[in-house]
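I opened this model to look up a few local details. My notes are below the view.

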Amino acid sequence: MTQRIDDYALIGDLQTAALVGRDGSIDWLCLPRFDSAACFAALLGDENNGHWRLAPKGATSCTSRRYAEDSLVLETTWKTRTGEVKVVDFMPQRDRAPDLVRIVEGVSGKVEMSAALRLRFDYGSIVPWVRRADGHRVAVAGPDSVWLRSDPPVKTWGQQFATCSSFTVAAGEKVAFVLTWHPSHEPRPQLVDPFESLEQSLADWREWAARCTYEGPYRDAVVRSLITLKALTYAPTGGIVAAPTTSLPEDLGGVRNWDYRACWLRDSAFTLDALLSTGYVDEAAAWRDWLLRAVAGDPADLQIMYGPAGERRLPETVLPWLRGYADSAPVRTGNAAVDQLQIDVYGEVMDSLFRAREAGIPPRRHAWNLQLSLLGFLESTWREPDEGLWEVRGPRRHFVHSKVMAWVAADRAVRTLESDPSLPGDAARWRTMRDEIHAEVCVKGYDPERNTFTQAYGSRELDAATLLIPRVGFLPPEDPRVVGTVDAVRAELVQGGLVRRYSTPGAGAGSGTPVDGLPGEEGTFLVCSFWLADALRLTGRVKEARELFERLVGLCSDVGLLAEEYDPVAGRQLGNFPQAFSHIGLVGAALALAAEESA
């Protein structure tokens, strides 16, 4: 039976990540990077597409699970009629080769354990050749090689193209398994001690979490969100992927399935805010530097997303042999939205670099010249229609949010020059551009009859992204047009107390031909719901903001994770998981509410 998306927990080593189900099965793992081909892809197919299950014999779901305090080390407890065991899953931060460690600890009595490892390289399509060597099981296919060993040694055998084992643990006993990947043309990497690695991993994570400066309400949820953001960071470059998964559906059984294993520019300013506001200046600086490297070049070639190391080519491909999570096909790798025009990203980049400078992160010598180049291109482009923040696959439109973010780009340029007149640049030129955009949006993007900003010029549809208008400073929170927009979004885009991104067929007022050009519906968008909480706070409705925030925190899984979306009717999370944007929204809203209470 397909597990719910929020039945999974995350482990990782800051270069890739795995999802572990409540049934003890690791159903998703890409090696050696977040965006590499998966060797466990049962998440998007079935067990024959690769998984690694480790659980008491005959058990179907664990008794309980949690992360060891302030860490990404997962502890899963199983209570059986004969005893109790704990399975500890983690990936130590690597020196060179990625390792996945699973330790079974006997707690009481005796428990018979069963394990089945099915390696399937290239997203579940390639069955490797498996042999024994030096006490290991070695799986090889093409460029990939995986070594499996146990400590103490456990007997294994091959069965139905899987490596199986069965063993008993008593109270106080421990059995560890280590799975190590390396390129097949290279020698076996150095072995790691699983028990020493556990202690080091716990120490590494707790030392990192202790740097968090936030001490306000919901600190546990904030720290868990920050740990999740750290886990989604590709350590060699500082890039942060949107999620470690591809094609987890926004609409069960539908086609709204996308690859999120890339770094989006739209997340940049929010990410910097979350990191800087909680004391993680080094991580914020690394993200800033990743951003500068990624966007370097011709401003006309600016993309909305890049690979973890700044790769530009992210071709979208369908994997027909995978049936999709809950039969939601197609399964895609890469993302064709990389080629879209999204004018808002210029504002995101300018805002991010402005915030970094304001926070005292030493500026790079070339950064300002790069910003001027981006502004020069935007000056001739902002009047064009685009695909917008939500990467619609329908016709281009004059999206209000895109225009507002173009205003942000010009505004941050003006403010930078005002704060540092020694920098080159024509403040009057950008001030004129800023004023022109502002005037146009207030006329063409505003519906005076309904007292709300709309999704696009001339449309009646609404867009949750307009909730950001006061946050970015386009208009003050007390402006009647801002208050009216918040009220309109609540009236037309809220379902079950949570916020949709925009109208889709069957979703309420303005529905008809979907703006995104796709069939089906989607769940409520969690980060948009956090935006609503913040907009309510800004417009003086703090009690309502706090109530919404508390409900959103309550939607976190049992281990504190959030996907991209939530279905309030079915009561389940949807979309890629865990989602950086959702956790960034949680951190931002928590800090803003805490500041409001302090004030």
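**Ground rules.** I am working from a predicted model, where local features need pLDDT of at least 70, side-chain atom pairs count only at pLDDT 80 or more, and totals for chains, interfaces and linings use all residues. Residues are numbered from 1 along each chain as its sequence is written, and side-chain values use heavy atoms, with hydrogens and water left out.

**Helix pair.** I looked up helix α4 (residues 268-277) against helix α6 (residues 344-358). Helices here are DSSP runs of H or I with at least four residues, strands are runs of E with at least two, and both are numbered from the N terminus. The α4 and α6 axes are 8 Å apart, at an angle of about 20°. Axes are lines fitted to C-alpha atoms, for helices over the stretch in contact, and angles run from 0 to 180 degrees between N-to-C directions. I therefore logged α4 and α6 as roughly parallel (under 35 degrees; over 145 is roughly antiparallel, 65 to 115 roughly perpendicular, the rest oblique). On α4, the contact (heavy atoms within 4.5 Å) uses S268, A269, L272, D273 and L276. On α6, I noted E348, V349, D351, S352 and R355. By class, that contact has four nonpolar, two polar and four charged residues. Ala, Val, Leu, Ile, Met, Phe, Trp, Tyr, Cys and Pro count as nonpolar; Asp, Glu, Lys and Arg as charged; the others, Gly among them, as polar.

**Pocket lining.** Next I checked the second largest pocket. A pocket is an open set of points on a 1 Å grid over the protein atoms alone, with protein on both sides within 12 Å along at least five of seven lines; lining residues have an atom within 4 Å of a point. I found 17 lining residues, with Q93, R94, D95, D99 and V192 nearest the centre. Helix α2 (residues 194-209) gives the largest share of this lining, five residues. The lining divides into five nonpolar, five polar and seven charged residues.

**Peptide bonds.** D151 and P152 are joined by a cis bond, omega about 0°. P152 sits in the loop between β12 (144-151) and β13 (156-159). A329 to P330 is also cis, with omega near 5°. I placed P330 in the loop between β20 (317-318) and β21 (332-333).

**Positive phi.** Most residues other than glycine have a negative phi. Y123, in helix α1 (residues 121-124), has phi near 55°. Q160, in the loop between β13 and β14 (162-170), has phi of about 50°.

Key: 1 Å grid on protein atoms, 1.4 Å probe; cavity = no way out; pocket = protein on both sides within 12 Å on 5 of 7 lines; lining within 4 Å.
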